[in-house]
Amino acid sequence: DGSKYRLLGVRGLRPVRRLPDALLIGVKKSGTRALLEFLRLHPDVRAAGSEIHFFDRHYHKGFNWYRKKMPPTIEGQVTMEKTPSYFVTKEVPYRVKRMNPDTKLLVVVRDPVTRAVSDYTQAASKKNKSGMLNFECLAFVKDSGYNVVDTSWGPVRIGVYARHLTRWLRYFPLRQMMFISGERLIIDPAAEMARVQDFLGLKRVVTEKHFYFNATKGFPCLLKSEGRSTPHCLGKTKGRSHPRIDPKALEKLREFYKPFNLRFYQMTGIDFGWP
Ligand code: A3P
């Protein structure tokens with residue numbers, strides 16, 4: 001048996017754990033779980049199921065610790081991991097470059113205003129509801145009306161994509177990064193997946209045949225996937241309904257993000273069409 005594996009190993013067919021070739025670095029609440037689950041339909045993609053948080057929380061444990069968290073792969077398969085906090089954590093770009101300067105980087109982005117509301121909704125669902133201030137109180141500086149946005153509040157800060165991207169571009173060329181529209185991933189998952197598979201150098205195996213629109217859920221769901229032969233949607237925590245936010249507050253937030261969004265469109269060469 002051992003000799004069989006040694007032989008297979010010569011041709012790279014013995015599965016071994018390898019450091020990732022590609023990372024899904026963000027952005028939180030933009031559809032990162034959906035994209036990872038869609039990618040895992042591909043036979044040549046192997047991804048860690050949970051968020052490893054190596055580059056932000058466990059970096060001191062070393063690359064070997066990280067490698068052991070990866071699923072075993074044979075040569076030619078793409079090893080992946082997703083941890084959405086990587087995109088916004090200062091130290092991460094340098095550390096990823098140290099691991100492998102050729103790492104491919106995937107970023108799902110969504111209108112930063114709805115992203116902030118989604119982020120808030122998730123936080124509120126974890127806290128006891130009475131203990132959490134409402135969105136409008138947290139997004140703006142106290143007593144400023146809706147005139148001063150509180151940029152130190154995480155859900156607001158994370159959406160200033162241009163700022164975070166500037167840091168990544170000090171270490172990685174734009175061609176090594178791919179930006180996926182979170183909105184389009186819902187409207188036309190197969191089209192976004194075609195682009196993603198091309199970027200990763202994979203055959204276009206994941207196609208419209210894998211998806212169906214679930215009207216009850218209001219989102220695309222999967223017809224079948226690795227280890228599951230029945231159709232299924234993402235869990236209950238994906239695609240939550242959001243609380244009603246004062247439209248004036250939303251309008252002020254849109255104004256706040258406008259210049260940053262335009263800058264982000266210029267940097268990426270993509271108009272995401274956010275309102
Ligand atoms: P909401 O729950 O606010 O609607 P992440 O996985 O990065 O946390 O992103 C969660 C978001 O993914 C959800 O935010 C939802 O809008 C979006 N999403 C995209 N495709 C989805 C799908 N097929 N099923 C459920 N949610 C999806």
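Which residues in α8 meet which residues in α11? In this predicted model, local features need pLDDT of at least 70 and side-chain atom pairs count only at pLDDT 80 or more, while totals for chains, interfaces and linings use all residues. Residues are numbered from 1 along each chain as its sequence is written.

On the α8 side, Y161, A162 and L165 meet F260, R263, F264 and M267 of α11; two residues are in contact if their C-beta atoms, placed from the backbone, lie within 7 Å. By class, this contact has six nonpolar residues, no polar ones and one charged (Ala, Val, Leu, Ile, Met, Phe, Trp, Tyr, Cys and Pro count as nonpolar, Asp, Glu, Lys and Arg as charged, and the others, Gly among them, as polar). The axes of α8 (residues 161–169) and α11 (residues 247–268) come within 8 Å and cross at roughly 35°, with axes being lines fitted to C-alpha atoms over the stretch in contact and angles running from 0 to 180 degrees between N-to-C directions.

Turning to the ligand, 18 residues lie around it, and T32, R33, A34, S118 and F219 come nearest (a residue is near if its C-beta atom, placed from the backbone, lies within 6 Å). The shell divides into seven nonpolar, six polar and five charged residues. Helix α2 gives the most, with three residues, and α5, α9 and β9 each supply at least two.

Overall, the chain has 11 helices and nine strands, which are DSSP runs numbered from the N terminus (helices H or I, at least four residues; strands E, at least two). The C-alpha atoms fill a box of roughly 75 × 40 × 40 Å, taken along the principal axes.
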